[in-house]
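Biologist: Could we go through this complex together? I would like to begin with the chain folds and then turn to the interfaces.

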Amino acid sequence: MTTIAVPAAPRIKISRFRFGEYGALLFFAVVMGLPVVFLLISSFNISPPSKEAVYGLDNWVRAFSDPGTLGALWMSFLLSLTYLIPGMTLSIAIAWLIARTDMTGRGLVEFLCWFAYFVPDFPLVLAWILLLDPNFGFLNTAAKAMPFVDGPVFNPYSFWGIVWVHLSTGGVWFKVMLLTPIFRRVGATLEEAARVAGANYFTVLRRVSLPVIMPAILAVAALSFIRGLESFNTELLLGTPVGIYVYATRIYDYTRHEPAAYGEATALGSVFLVVLAILAYFYQRRLKGKKFTVVTGQGYSTLRIKLGRWRYVALAACLGYIAVMMFLPLGFLMLGSVMRRYGFFHLREPFSLIHWQNLFGDPIFFIALKNSLVIAAITAVAAVALYSTVGYLLVSRKVKIAPALEMLTWMPWVVPGILMSLGLLWMFLATPLRSVLYGSVWGIALALVIKESPVCTQAFKAAFLQLGPDLEEAARVSGASWTYMYRKVLAPLVAPIAVTVGFISFGNALTSISTPVLLYSPQSRPLAILLMEYSFSGEVERAAALGLLITAMVSAMMLVGRKFVRPLTGNL
Amino acid sequence: MAQAVLEFRDVLKRYGDYTAVDRVSFALAPGEFFTLLGPSGCGKTTTLRLAAGLEEPDDGEIVLSGNPIAAPRRGILVPPDKRRMGMVFQSYAIWPHMTVFENVAFPLRVRGESAGALKKKVLDALELVGLGGFEARGATSLSGGQQQRVALARALSYTPAVLLLDEPLSNLDAKLREQMRFELRALQRRLNLTVLYVTHDQSEAMTLSDRIAVMRQGKIEQLGNPVDIYERPATAFVGDFLGRTVVLDGALKKTGDRLFLEFAGGERLSVGENHNGKFADGEAIRIVCRPEDVRILAAGPVAPTEITARVNEVAYLGDHLEYTVGACGRSIIVVAGKHERYPAGAEIRLAFDPARLTLLHIES
């Protein structure tokens, strides 16, 4: 053992790792940055796409001289802010009840919120139309039957209608899923120290717990606000018919003009990007670094407030809210899909499966179903492959450009789906990628993969951070090449996260509308877009059937995968 | 000395402006237990990781059995998997999704060992670390000490050129640490392993090592066998790091061949005759020795190797007494057996052994 022959040293260029690293950065810069660049450039291009470019300020002038444009921007802010306030209040209350009290059935409430989080929003908006439409909405019909009421009581096609529906879709469940772990993570020791020091529960809450989690709550509020700005589905169905435009529906509207007003659309998109950049800057300055450092007590808290007999009242309130906001509309979606003519209960045979038969008899449906499954599968596989690599690169201490890379991966948080698609559309049109990506399932999948970037990257990053470098290095020193080590050590250990990321990307790809809405063609039309088209053509019953079907597909998938699928909320 | 198994030649590692390893050179003889000792942040772990190939040096050469494995100037960098090293991490790095058997078998599987030989080697390695019969257990169901043994078995299941150990005992409780220290040394002797060991615990380094390199701020401060380093520290830092020291400062006075240290109060101490030439007359000098090499005597006539002192505090520590005494304007701690006792306030003499004194230039 005293003399050991070591094979002659293979000569390896030291910079090989660097090369791969800059490759990844370049790829991301192209995929994330180029659509934005194209968007900006094309906002100055005053000739239609695929014609020779002529540059000028006409688009910007027209966009700003149209009072609707700035109005749409303002409406986006106003709406997002308006439903943020009740949304935050409700979700803080529910999360607090779940995490910090002895409310009866808090596990059930948490599960229902988790379930509601995955219910796609477009079918829900449709369901609220079935309930509240001034002409055929069930609640209006029912109200009219009462004395002293004439004319519709509710009108969903209004500012407050949009706010209300948001509290049923993204406004609450998402925040509950973000906030519950934060409430749970407040270190027990911090609170116990305060109790021992002589503070009662409410003093602890006021003086210790709340200040400690305040930055996290503000971060959730800021994120929700920015996400609210990109909202599209609700405003499209409820705002457009009465002329309430947010900037996303305004952009969509421009692209539907005859001829399409791409110039105005890109100018409006660019203005919005500038506004977002300013917002993101302030958000980073105010909250960077505060998010997690504060919630670092040890151990999960066991200190739960005793609600006494209010534990049943609290449960009833939570279940009541979930029932009214989630199961009532889902119930009417089901009812709508099996009525011959929705709202006409006095017909001789009001119930029928005719709309389901029509749906399944429609050849377009099967093409769309196939497209959706193909798109979702590509998205899920690509998201796992891409973001596991990026997450690994971000964690690897050797990567020097990690901060730049990470910033790029956050971009889709602030660049809304419809803007991303608009940029991609221009990129597809202007480059040789056109033949492969324009109007194809591949182009839609690419947009969806980009949209998944922040959540997926952060999930993998957290997983790799948790593993630490030792397990990997131990394998390398043991004689395993990088690929062998990845296969035998890293891959099995991050598999649960990979499954989660795959499931969630698949689900999001099935239900997204604003991302593919500018990119699809009749050959690549996915189910969600078909649902949108049914809703516009007044076929509410068939739309209800399809909406229910999509909801069932996603819910079934999430329930089957419940063992793995946790909302990736701990990482945001 | 036979050809060195592992040799560092002027190895340099920087992180930005920070120099973690600053032109370090040393060589491990076959079968040697070599320890890098130093406080946290001194660059010892980085040095180990450079040997493993987990870090790239910025300059210098690392040579394994005559073959360069990292030499940036020549564009050579052998990746960690081609270096035939075995390594035990401070966290043990046991793969949680594999059984004990699979963990230990990993280095053999990578090397394409045949199934029969693989099984025998794995079981032998587990037997060696005292984990026979544990092979089917899940790796995460083991205690800290058992995980440590699995990590060791994994590093030894094939025959590594050098065994790299990164503070392997620091996460164990005191009793287990002592036992593992003993077993580790016995194992190293029996298998004649060449070991590069990293620790911040001086007693671990003293009991395990053939040679110790004391590191500070990326540099090797002193390299030698444990006795040398403890008895004749090259710098005050080394002396202090390896245990408690008695330190006195004064001016050097030459009287013929004999050297004296003259303190601020005018008192003189004979410090021997062997330092001729190294120190100049009148130079500011520091003497360093171990508390146990200073004897306490009752007040009386003061010999040249003695100084007067006064007891300030006495601490009873069971098997011995610890005196805090004031001498030559300094407060120093000396120890004595429990049979000779001096109360606080007593006048005493401190007797030094010139052969056990280290003289140092005072770093300005």
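Modeller: A definition is needed at the outset: two residues are in contact when they have heavy atoms within 4.5 Å of each other. Please also keep in mind that this is a predicted model.

Biologist: Understood. Among contacts in chain B between residues at least 6 apart in sequence, what share joins residues at least 24 apart?

Modeller: The share is 64%.

Biologist: And what secondary structure does chain B have?

Modeller: Chain B contains eight helices and 21 strands. Its C-alpha trace spans about 80 × 50 × 35 Å along the principal axes. Of the 364 residues in chain B, 52% are buried.

Biologist: How is chain B divided into domains?

Modeller: Domain 1 covers 6-240 and domain 2 covers 246-361. Taken over C-alpha atoms, the centres of the two domains of chain B are separated by 40 Å. Nine residues from domain 1 and six residues from domain 2 of chain B take part in the contact.

Biologist: What area is buried between those two domains?

Modeller: About 650 Å² is buried between domain 1 and domain 2 of chain B, with carbon and sulfur atoms giving 43% of that area. On the side of domain 1, Y230(B), E231(B) and A236(B) supply 61% of the area buried against domain 2, more than any other three residues.

Biologist: How many salt bridges and polar contacts lie between the domains?

Modeller: There is one salt bridge between domain 1 and domain 2 of chain B, and four residue pairs are in polar contact, with both residues at pLDDT 80 or more. Helix 7 (226-231) and helix 8 (236-241) of chain B each supply at least two residues of the domain 1 side. Helix 7 gives the largest share of that side, three residues. By class, the domain 1 side has five nonpolar, two polar and two charged residues.

Biologist: Which residue forms a salt bridge with E231(B)?

Modeller: The partner is R356(B), with the closest N and O atoms 3.0 Å apart. R356(B) also meets D353(B) in a salt bridge, at 3.8 Å from N to O.

Biologist: Are D353(B) and R356(B) buried, partly exposed or exposed?

Modeller: D353(B) has 32% relative accessibility, so it counts as partly exposed. R356(B), at 38%, is partly exposed. Elsewhere in chain B, salt bridges that share partners join E7(B), R9(B), E61(B) and R74(B) into one network.

Biologist: What about the pair K82(B) and D81(B)?

Modeller: They form a salt bridge, with the closest N and O atoms 3.2 Å apart. D81(B) is buried because its relative accessible area of 8% falls under the 20% cut-off. K82(B), at 43%, is partly exposed.

Biologist: Changing topic, how many residues are in contact between chain A and chain B?

Modeller: 28 residues of chain A are in contact with 45 residues of chain B. The area buried between the chains is about 3200 Å², and carbon and sulfur atoms give 64% of it.

Biologist: Which polar interactions are found there?

Modeller: Two salt bridges cross the interface of chain A and chain B. In one of them, the side chains of R49(B) and E473(A) meet at 2.6 Å, N to O.

Biologist: Which elements of chain A touch chain B?

Modeller: Helix 23 (470-477) and helix 24 (482-511) of chain A each give two or more residues to that side. The largest share, seven residues, comes from helix 23 of chain A. The residues on the chain A side divide into 17 nonpolar, four polar and seven charged.

Terms used
Residues are numbered from 1 along each chain as its sequence is written. Chains are lettered from A and ligands numbered from 1 in the order in which they are written. This is a predicted model: local features need pLDDT of at least 70, side-chain atom pairs count only at pLDDT 80 or more; totals for chains, interfaces and linings use all residues. Side-chain values use heavy atoms; hydrogens and water are left out. Buried area is the accessible area (1.4 Å probe) that two parts lose on being put together, summed over both. A salt bridge is a side-chain nitrogen of Lys or Arg within 4 Å of a carboxyl oxygen of Asp or Glu. Helices (H or I, at least four residues) and strands (E, at least two) are DSSP runs, numbered from the N terminus. Ala, Val, Leu, Ile, Met, Phe, Trp, Tyr, Cys and Pro count as nonpolar, Asp, Glu, Lys and Arg as charged, and the others, Gly among them, as polar. Domain bounds come from an automatic or database domain assignment. A polar contact is a pair of N or O atoms within 3.5 Å; within protein, one must be able to donate a hydrogen and the other to accept it, and residues adjacent in sequence count only if both atoms are side-chain atoms. Buried means under 20% relative accessible area, exposed over 50%, partly exposed in between (1.4 Å probe, protein chains only).
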